[in-house]
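Trainee: I would like a close look at a single part of this model. Please start there, then carry on through the rest.

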Amino acid sequence: MAMLAIIVKASSAGPFLFRQNRIGKNGEEFQVLKFRTMHFHTGSNPGAFITRSGDNRVTPMGRWLRKWKLDELPQLVNVFKGDMSLVGHRPDMLKYMQTLTGQDRNILYFRPGITSPASLKFRNEEQELARVPAQEMEQFYLTNLLPQKIHMDLDYAERATFLTDCRILLQTALSVLWRHRGQR
């Protein structure tokens, strides 16, 4: 991780870590940590919090980090702090979590994680978002992708065991190592 931090810092201006407030267990905010993959001070245009394949805000090193999911490694600090677990729904921003209604809000009872069944299914979410016109991207995320991910992860969380978590971790590792075989 130290080597990646140095490479990120040397490859583009700005800090090596990206910090963003996300919603965790019981709706509490925490700062998620990632290696920075975008140019620093990218502005705030509509949909700026959602990234699609080909986004020019992503640095060349950032593309490589995202491809191999190495930008997620600093989240191990979030796991050690107790903000996240290894397996659990991906933490999202308040503006998106506030759109949840009904039983979907039950996801807030669970600790978010680095990987989950929905993370595996939507591993190539950026390519899926690239098929949607830029001005419709955020709405597509809110009405299509987010509900699917929440339902998958709620279903998983309600029946998760140590062994099923181990299976998800193994599937995640395999999906990163063999990402070019059957990409979804």
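Which helix is L177 found in?

Mentor: L177 sits in helix α8, which covers residues 162-177. Helices here are DSSP runs of H or I with at least four residues, strands are runs of E with at least two, and both are numbered from the N terminus. One caution before we go on. This is a predicted model, so local features need pLDDT of at least 70 and side-chain atom pairs count only at pLDDT 80 or more, while totals for chains, interfaces and linings use all residues. Residues are numbered from 1 along each chain as its sequence is written, and side-chain values use heavy atoms, with hydrogens and water left out.

Stay with L177. Its relative accessibility is 55%, so L177 counts as exposed. The cut-offs are these: buried is under 20% relative accessible area, exposed is over 50%, and partly exposed is in between, with a 1.4 Å probe and protein chains only. L177 also belongs to a nonpolar surface patch with L170, L174 and W178. Together the four have about 410 Å² of accessible area. Such areas come from the Shrake-Rupley method with a 1.4 Å probe, and for residues only the protein chains shown count as cover. A patch takes residues with over 30% relative accessible area and no salt bridge; like charges are joined within 9 Å, and nonpolar side chains (Val, Leu, Ile, Met, Phe, Trp, Tyr) within 5 Å.

W178 is in the segment after α8. At 42% relative accessibility, W178 is partly exposed. W178 and W68 are 110 residues apart along the chain, yet their C-alpha atoms are separated by 10.0 Å.

Next, the strands. β1 (residues 17-23) and β2 (residues 29-35) pair in the antiparallel sense over seven bridges. Two strands pair if DSSP finds at least two bridges between them. N21 has Q31 of β2 as its bridge partner. The hairpin has five residues between the strands, and N26 there takes a positive phi near 60°. β2 is mostly covered, with five of its seven residues buried.

Strand β3 (residues 85-87) holds S85. The side chain of S85 reaches the backbone oxygen of V87 at 2.7 Å. Neighbours within four places in sequence aside, S85 is in contact (heavy atoms within 4.5 Å) with V79, R111, P112, G113 and I114.

The structure holds eight salt bridges. Each is a side-chain nitrogen of Lys or Arg within 4 Å of a carboxyl oxygen of Asp or Glu. Take D55 and R57: their closest N and O atoms are 2.6 Å apart. D55 is buried at 11% relative accessible area, and R57 is buried at 9%. K81 and D83 meet at 4.0 Å, N to O. K81 is exposed at 57%, whereas D83 is partly exposed at 21%.

E125 and K149 form another salt bridge, with closest N and O atoms 2.7 Å apart. E125 lies in helix α6 (residues 125-130) and K149 in helix α7 (residues 137-159), so the pair ties together parts that are 24 residues apart in sequence. Both E125 and K149 are buried. Finally, K34, E72 and R90 are linked in a network of salt bridges.

Technical notes. A polar contact is a pair of N or O atoms within 3.5 Å; within protein, one must be able to donate a hydrogen and the other to accept it, and residues adjacent in sequence count only if both atoms are side-chain atoms.
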